[in-house]
Amino acid sequence: MKQQSRTCGSQNESAQISTLEVFMKRMSRIICTLALLLMSLSAALPANAALKTRSATIDPATGYPTWYQDTNNLALTNCLDQNGFCLAAFTGAALPTAKANISAANFPEESFFFMADTSGVSPLGVISLTLWEAALEAGFAATVVDGGQAVFTRIRIRADVTVPGTYVVTHPYGEETFVVDAIVPGPEINFTNDIPGLVPQDFDSAVTPPPAFTAPFVGPTFLTRADGTFITDPVTGNRYIGQPAAPVAVTGSPTGNNFVRIVGGGDTFLSTTFGLQGKVIGMDVTPATSLNLGGTNIITPAAVPQTVTVTNTTGAAITFPADLNAAGVKGGADATDFTVVAPAAVGAVNCAGATVAALNPAVAGSGTCSFDITFTPAAIAKAVRTATVLLAPTAVAPALAPPPVTLNLSGTGLVNVTTTAVGHGTITPATLAAPAASTVELTVTPSNKKFKIKDVSDATTAATALVTGPPFTINAGAANHAVTATFMPSGDLDQSGALDVADAMKALKIVAGVQAADSDDPDNTAVKVAPLAGGVPAPDATRVLPNIADVLVILRRVIGLETW
């Protein structure tokens, strides 16, 4: 998302700068800040800015929501582990077990649900990115005490440049333009966008930014490792999206820009790797939370079931509803086309009604259950079918229920179109599995100019209706189709493109035995045009040789008495 130009210069002054210069720079920044505020008040919130949701439950030990979830169903909890996977630091030996006991001595002033950062220097040294950061951050409005908890998103860009000018920063969550008027001490590009900032007990603005705030936003998806994997702590079994000190390629940018690029000053900076921080919480659903079950015929469905496996990584036992097809669990526009059934795999635990223990990394196959999803589309004129299955197991207190996961299901209803050519010509495609209600185009071609299309009919439609054309198209609708193309003589025996006396003379010579049949029409089908029925050739199929009646019909066609 492209943002309006920022021209704020540096936020740091050197002791060597004169008092007047400092005053002028401060005034410049005040004016810039007011301008940015006006822009923010007039900005509209993009539809894709919001994260999916947060937990309604507040962690009794920290006072923060238990988790935040993006639209990819990835839920992250506050990363407080002291094992190198989290940046939160505190001086106490252990975190408090009750939020009422929180203090600066035992709890970090800032911590992160999510964080991605990168830095580096451009090839020519014009641009030195000291920090690009995207974060979902936990902090305190004032001192570190219960009641001051706040959660906000942050996009921060800090860069030193050696040449004044315009710099365009493209990053995973948007695009910003900065105009650097002068080179000053400190970072010339110094931009921070906190939403909503340190507002005590505001845990929702980070999910859906209020209209007063302008982009860039962190959302609707978190950045994760490009290979799609998490990192597991071998000691605790906890999973993390990455390590802050081990930059990796990422995926998850809502714009597809999984990089930071700065262009300006005759130089280009590019970074494609990021340090990542985030502790995964909840269930692991494989193969994915968006499943396409492919296409199958709506008259004779034969789709292959898709197996879904759920791994309980919550740390406590969870229980699934007994009926995963019940209203409120399965939903969507085409819910009845999809059915959750017991897994076919031998020995697999059916999730429906199951209580699944927490994953034990030391025990193979522990903490998992599964189910199959079948796709049986109704015989209606609709191609794409969609539904959802909400996986929202419960837990026994004091354990907290895991973040719900929504399975997005899709499939395509198909119909068969088969074609047959009768006579001298072809019709393609021969067979086709077409989406229901789609328009199917058929290519009908006579063998040569001596023949023409008689009709193209669809035996599936009422009264074997003719398919008009060219182009020849049928509406796939909600039925299988059997289409037949029939060909007849055109009378253009010399294939000149026009019917004339030469065609009649050729017919006469063939009938008289003066001229042999053409090699591409050894049975003289193109000559046998008599008699006419309904104004078109309808010769007796048992007749072997052409005769003078055929010559007369062609002659009548030449002089305009017949018009087939």
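Me: Which cysteine is joined to Cys351 by a disulfide, and what's the S to S distance?
Reply: In this predicted model, Cys351 is joined to Cys369 by a disulfide, with an S to S distance of 2.0 Å.

Me: And why is that one right-handed?
Reply: The torsion about the S-S bond of Cys351 and Cys369 comes out at about 95°, and therefore the disulfide is right-handed. As for where the two ends sit, the pair links distant parts of the chain, since Cys351 lies in the loop between strand E24 (338–341) and strand E25 (355–356), while Cys369 belongs to strand E26 (residues 368–375), 18 residues apart.

Me: Are Cys351 and Cys369 buried or exposed?
Reply: Both Cys351 and Cys369 are buried.

Me: How many disulfides turn up in the whole structure?
Reply: A search of the whole structure finds two disulfides. Besides the link of Cys351 and Cys369, there is a disulfide between Cys79 and Cys86, for which the S to S distance is 1.9 Å.

Me: What's the handedness of the link between Cys79 and Cys86?
Reply: The link of Cys79 and Cys86 is left-handed, with -65° about the S-S bond.

Me: Why do Cys79 and Cys86 count as buried?
Reply: The cut-off for buried is under 20% relative accessible area; Cys79 counts as buried because its relative accessibility is 0%, and Cys86 counts as buried because its value is 8%.

Me: Switching to helices: how do the axes of H2 and H3 cross?
Reply: The axes of helix H2 (residues 501–512) and helix H3 (residues 548–558) cross at roughly 180° and come within 9 Å, which means that H2 is roughly antiparallel to H3.

Me: Which residues make that contact between H2 and H3?
Reply: On H2 the contact is made by Val501, Asp503, Ala504, Ala507, Leu508 and Val511, and on H3 by Ile548, Val551, Ile554, Leu555 and Val558. By class, the residues of the contact of H2 with H3 divide into ten nonpolar, no polar and one charged.

Me: Now the open sheet with five strands, what's the order?
Reply: The five strands run in the order E10-E7-E6-E5-E17, and the pairing is antiparallel. Strand E10 (189–195) and strand E17 (275–277) stand at the edges, each with a single partner strand, so one side of each is left without a neighbour in the sheet. On average, neighbouring strands of this sheet are turned by 5° against each other, direction ignored.

Me: How many bridges pair E7 with E10?
Reply: Strand E7 (residues 149–161) pairs with E10 over seven bridges, in the antiparallel sense.

Me: Which residue in E10 is the bridge partner of Arg154?
Reply: The bridge partner of Arg154 in E10 is Asp194.

Note on methods: Residues are numbered from 1 along each chain as its sequence is written. This is a predicted model: local features need pLDDT of at least 70, side-chain atom pairs count only at pLDDT 80 or more; totals for chains, interfaces and linings use all residues. Side-chain values use heavy atoms; hydrogens and water are left out. Axes are lines fitted to C-alpha atoms, for helices over the stretch in contact, and angles run from 0 to 180 degrees between N-to-C directions. Helices (H or I, at least four residues) and strands (E, at least two) are DSSP runs, numbered from the N terminus. Angles under 35 degrees count as roughly parallel, over 145 as roughly antiparallel, 65 to 115 as roughly perpendicular and the rest as oblique. Contact means heavy atoms within 4.5 Å. Ala, Val, Leu, Ile, Met, Phe, Trp, Tyr, Cys and Pro count as nonpolar, Asp, Glu, Lys and Arg as charged, and the others, Gly among them, as polar. A disulfide is a pair of cysteine sulfur atoms within 2.5 Å. Buried means under 20% relative accessible area, exposed over 50%, partly exposed in between (1.4 Å probe, protein chains only). Two strands pair if DSSP finds at least two bridges between them.
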